[in-house]
Amino acid sequence: MRKWTNDLAGVQQVDILLFDEFSAHCLANTVEPIRAANTLAGRELYRWRFLSLTGARVVSSSGMEVTAHAQLTKCSGDMLAIMPSYNFQHHDSAQTRRALRAAATRYKEIAGFDTGPWLMAAAGLLDGRNATIHWDETDRLAEDFPEVNVQRVRAVQDGNRITCSGALAAFDLMIARIGEDHGQALRLEVAALFMSPESGGAAPETALARTRVVARAVALMQAHLEEPLPIPEIARQIGRPRKDLEARMKADLGATPATIYRRLRLIQARKLLLETDTSVSEVATRTGYENASALTRAFKAEFATTPRAMRKAHA
């Protein structure tokens, strides 16, 4: 069963190796989830650096310039994310291959985002491994590197090698990493910060849960924050027995439906407290609590502070 919370994990160093014509979308989807995790946790959980092979600045496909914090050869850490994106074959050189092979001895995990797996494969870092790449390149990767087991999926982790197919997959991968490192409660909170049932597009609730049953239950909870549904009613609406729903949510998120529902309501309460001038009484009403006192009790139990104290500290 997955852990709901984990306060014992140490700070992780995530380095991102950028090449000219990298995708700014992919970069943002990699960094923003861990930046949000730090903010929501109120402490440093992740550090990150932007690297280049030479330490020189790099320019994205949209013309955004990024000044590298350091040269790859001078760095080590927990994860190195390789991000070339467009015109990636231009960067496949003897220098790049040597640098990536050397980096694999200094980082606990090597990841290829978007077209990054191609450079990993060229350096021999995916030999005998399962891997994916941007789906436009899956056939070519399989043809050019038959020693790699190429799969047309969003993301693959094979030992300490990670590959994903693009910007949206990078977001999902980093959200999942937060959950594995620091517990599903924080993962749920980071996902809720970026996604909502009203945002449209492809099933935003899938960022909040891994399985379809749990995703549907979480979506129902999010849609009924002001007037919470009883857990048996949620189970009825998704067509599952209550005990089955409880077992699935514990397996997926590491907590009971009631615990998850309370967290979602209090996440919304905190958002209203920090981003609006809405009174505590009105925040209580909009998150399904009878009055300000009931909200304050639940809020303090969850976040170790009161709504008024959090608002004052934020101000």
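Predicted model: local features only at pLDDT ≥ 70, side-chain atom pairs only at ≥ 80, totals over all residues.

Visitor: How many salt bridges does a search of the whole structure find?

Guide: The general idea is to look for a side-chain nitrogen of Lys or Arg within 4 Å of a carboxyl oxygen of Asp or Glu. In this structure, the search finds 20 salt bridges. One of them joins the side chains of Arg57 and Glu65, with 3.5 Å from N to O.

Visitor: Where do Arg177 and Asp181 lie?

Guide: Both belong to helix α5 (residues 167–182), where they are 4 residues apart, about one turn of the helix, and their side chains form a salt bridge at 3.8 Å, N to O. Buried means under 20% relative accessible area, so Arg177 at 12% is buried, and Asp181 at 14% is buried as well.

Visitor: Which helix holds Arg242 and Glu246?

Guide: That is helix α9 (residues 242–253), in which Arg242 and Glu246 are 4 residues apart, about one turn of the helix. Their side chains meet in a salt bridge of 3.2 Å, N to O; Arg242 is partly exposed at 42% relative accessibility, and Glu246 is partly exposed with a relative accessible area of 24%.

Visitor: Which residues do salt bridges with shared partners join into one network?

Guide: That network consists of Glu189, Arg262, Arg263, Arg270 and Glu302.

Methods:
Residues numbered from 1 in each chain as written. Heavy atoms only, no water. Helix = DSSP H or I, 4+ residues; strand = E, 2+ residues; numbered from the N terminus. Buried < 20%, exposed > 50% of the residue type's maximum accessible area, 1.4 Å probe, protein only.
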